Amino acid sequence: MATALYHLSEEDLSKVPDASNMCFGIVVSEWNREITSNLLNGAVTALEKYGALTENIHVKTVPGSFELIYGAHQMCLNDGYDAVIILGSVIRGETPHFDYICQGVTQGISRLNATSNVPVIFGLLTTDNLQQAQERAGGKLGNKGEECAIVAIKMAKF
């Protein structure tokens, strides 16, 4: 994954398997839509770049980030996906709500990964402010949606 100190290199990208025979589920939060729509666009574009067919990319929306757990679980039960990607954005506010949501989603997705036969890729941005989220959703730090798609392809081949 990319950070200020590390970005996906061309060498990393040359090792991405062909996704033409894979099917992906994406669960995206409606909350902070200006961010999550950019993450979704990055994910879909990357999946298609590596061969995934448009008809094999299924997108479902949920109201908020906490609901990503339920959405991902339902897609895992479908038994037709090679990987599921969750995409959301939680921006710190003045209350501890941020901490509860981030911790809950992290634990829920961790549990799904430990108990499901389908890899669930964690694409929840947890930022202190809107600018940090924008930088990670197509800004100067890249697009985490794209990175999650690449991880999903690699994990589907695991």
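Reply: By the rule applied here, the count comes to five salt bridges. Please bear in mind that this is a predicted model.

Me: What makes Asp99 and Arg92 a salt bridge?

Reply: The rule asks for a side-chain nitrogen of Lys or Arg within 4 Å of a carboxyl oxygen of Asp or Glu. The closest N and O atoms of Asp99 and Arg92 are 3.5 Å apart, so the pair meets the rule.

Me: Why are Asp99 and Arg92 called partly exposed?

Reply: Buried means under 20% relative accessible area and exposed means over 50%, with partly exposed in between. Asp99 has a relative accessible area of 38%, and Arg92 has one of 39%. Both values therefore fall in the partly exposed range.

Me: How do you know that Asp128 also forms a salt bridge with Arg92?

Reply: The closest N and O atoms of Asp128 and Arg92 are 2.9 Å apart, and the cut-off is 4 Å. Asp128 lies in the loop between strand 4 (120-127) and helix 5 (130-136), whereas Arg92 lies in the loop between strand 3 (83-91) and helix 4 (97-115), so the pair ties together parts that are 36 residues apart in sequence. At 43% relative accessibility, Asp128 counts as partly exposed.

Me: Which residues do salt bridges with shared partners join into one network?

Reply: Arg92, Asp99 and Asp128 form that network.

Me: Why is Tyr100 called exposed?

Reply: Tyr100, in helix 4, has 55% relative accessibility. Exposed means over 50%, so the term applies. Tyr100 is 34 residues from Phe66 in sequence, while their C-alpha atoms are 9.4 Å apart in space.

Me: How do you know that Cys76 is in no disulfide?

Reply: A search of the whole structure finds zero disulfides. For Cys76, the nearest cysteine sulfur is that of Cys23, 12 Å away, whereas a disulfide needs two cysteine sulfur atoms within 2.5 Å. Cys76 is buried, because its relative accessible area of 10% is under 20%.

Me: How do you know on which side of helix 3 its buried residues lie?

Reply: The buried residues of helix 3 (residues 68-78) are Leu68, Ile69, Gly71, Ala72, Met75 and Cys76. They cover an arc of only 165° around the axis, which puts them on the same side of helix 3. On the other side, Tyr70 and Leu77 are exposed.

Me: What covers the buried residues of helix 3?

Reply: The cover includes strand 1 (24-29), strand 2 (57-62), strand 3, helix 4 and strand 4. Just after helix 3, Asp79 takes a positive phi of about 65°.

How values were computed. Residues numbered from 1 in each chain as written. Predicted model: local features only at pLDDT ≥ 70, side-chain atom pairs only at ≥ 80, totals over all residues. Heavy atoms only, no water. Buried < 20%, exposed > 50% of the residue type's maximum accessible area, 1.4 Å probe, protein only. Helix = DSSP H or I, 4+ residues; strand = E, 2+ residues; numbered from the N terminus. Arc of directions from axis to C-beta. Contact = heavy atoms within 4.5 Å.
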